[in-house]
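Reader: I would like to learn how to read a model of this kind. Please take me through it feature by feature.

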Amino acid sequence: MSALGGSGVEVSPLALGAAGIGNLYSEVSEDQAYDAVRAAWQSGIRYFDTAPHYGLGLSERRLGAALREHPRTAYTVSTKVGRLLRPTDEGGDDLANGFAVPATHRRVWDFSADGVRRGLEASLERLGLDRVDVVYLHDPDDHAEQAFREGYPALEKLRSEGLVGAIGAGMNQAGMLTRFVRETDVDVVLCAGRYTLLDQRALTELLPAAAERGVSVVVGGAFNSGLLADPRPGATFDYATAPGQLLDRALRLKTLAERHGTTLRAAALAFCSAHPAVASVLVGARSAAEVRDCAEQFAATVPAGFWQELREAGLLPPHAPVPTEEL
């Protein structure tokens with residue numbers, strides 16, 4: 001377990017992202033969702049991340065229900081603010097936003113102080129909890145001014161009141177997260193997809209800044225939404241079909257991994273966790289089998305020769321930290 005910044009909130013090295021059990025892309029049954037969370041618990045995962053955005057609150061409801069059988073002090077939960085859910089009777093589904101759920105609500109961007117507090121209160125109700133451990137400002141890309149001027153101070157106040165343990169921001173980019181690290185007193189940032197075997201943009205500024213300031217980093221998107229889990233024609237990178245050049249590179253990585261007696265999935269997870277600023281690697285899964293596979297791959301030792309060959313082939317920056325092989 002690692003503490004997030006100076007907050008005292010602890011997270012397991014591997015975490016479960018609960019977008020999948022919020023019906024990301026396709027439906028997941030109640031039993032499947034419960035079994036996925038149960039498999040995570042049995043695999044030693046104690047950090048669970050969700051958001052109102054995931055299935056219009058379905059992810060939060062399912063995660064809260066599945067965790068209810070465990071002592072509250074035994075696990076860490078993070079959720080996010082910035083999108084309020086407002087009821088609508090327009091009908092239809094939410095597939096345009098990526099979730100196979102009825103469109104019973106619409107999302108409204110709101111990073112105001114009042115919006116942050118109302119968003120957290122609604123999340124607590126859906127989760128069935130009286131507190132969450134971590135709250136992130138969720139995707140404030142196009143709302144930077146309000147997020148920094150109103151949203152972040154609201155989180156700081158919630159932390160000072162003891163209503164949350166740690167605060168931060170979660171995004172699919174490294175630039176604004178670096179600004180949060182340098183200009184605010186966040187405990188943690190969640191960086192999705194920008195520190196992987198295919199994309200090391202976070203290595204330039206974000207990770208060094210976080211290490212310097214004692215801010216923890218949670219890395220999400222270790223598989224870049226699918227390409228590094230199963231590189232094949234039609235595989236997705238950042239939620240769209242992967243370009244041919246990236247697919248070719250992923251296939252080279254897979255071939256190298258298999259030649260060294262490991263898997264690309266194991267290497268992808270090991271790479272993310274090797275940087276000293278990284279406190280936890282967040283994996284999305286929608287079934288017990290996927291959760292167990294991620295846990296097994298995360299626990300595997302990736303041979304040192306694999307990393308050496310990656311660098312020699314120019315597939316990895318020479319200054320990127322890699323795991324040390326345990327003898």
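This is a predicted model: local features need pLDDT of at least 70, side-chain atom pairs count only at pLDDT 80 or more; totals for chains, interfaces and linings use all residues.

Author: Residues are numbered from 1 along each chain as its sequence is written, and side-chain values use heavy atoms, with hydrogens and water left out.

Reader: How many helices and strands are there in the protein chain?

Author: Helices (H or I, at least four residues) and strands (E, at least two) are DSSP runs, numbered from the N terminus. Here the protein chain has ten helices and 16 strands. Its radius of gyration is 19 Å, close to the 20 Å of the globule rule for 327 residues, so the chain is as compact as a globular protein of that length. That radius is taken over C-alpha atoms, and the rule is 2.2 Å times the number of residues to the power 0.38. The C-alpha trace spans about 55 × 40 × 40 Å along its principal axes.

Reader: What percentage of the residues in the protein chain is buried?

Author: Buried means under 20% relative accessible area, exposed over 50%, and partly exposed in between (1.4 Å probe, protein chains only). Of the 327 residues in the protein chain, 56% are buried.

Reader: And contacts: what share comes from residues 24 or more positions apart?

Author: Contact means heavy atoms within 4.5 Å. Among contacts in the protein chain with a separation of 6 or more, 73% are between residues 24 or more positions apart.

Reader: Is helix α2 enclosed by the rest of the structure or exposed, and why?

Author: Count its buried residues. Helix α2 (residues 58–67) has eight of its ten residues buried, so it is largely enclosed by the rest of the structure. Among the buried ones are Leu58, Leu63 and Leu67, and Glu60 and Arg62 are also on the list. Their cover includes the helices α1 (30–42) and α3 (113–127), along with β4 (47–49), β5 (76–81) and β8 (99–102).

Reader: Which residues other than glycine have a positive phi?

Author: Two examples can be given. Leu56, in the loop between β4 and α2, has a positive phi of about 55°. Its relative accessibility is 3%, so Leu56 counts as buried. Asn224 has a phi near 50° and lies in the loop between β13 and β14 (236–237). Asn224 is buried too, at a relative accessible area of 1%.

Reader: Which residues does Phe298 contact, leaving aside neighbours within four places in sequence?

Author: Phe298 is in helix α9 (residues 288–299) and is partly exposed, at 23% relative accessible area. With those neighbours left aside, Phe298 is in contact with Pro13, Leu14, Leu269, Ser273 and Val281.

Reader: What does Leu24 touch, not counting residues up to four places away in sequence?

Author: Leu24 sits in the loop between β3 (14–17) and α1. On that count, Leu24 touches Ala19, Gly98, Phe99 and Arg286.
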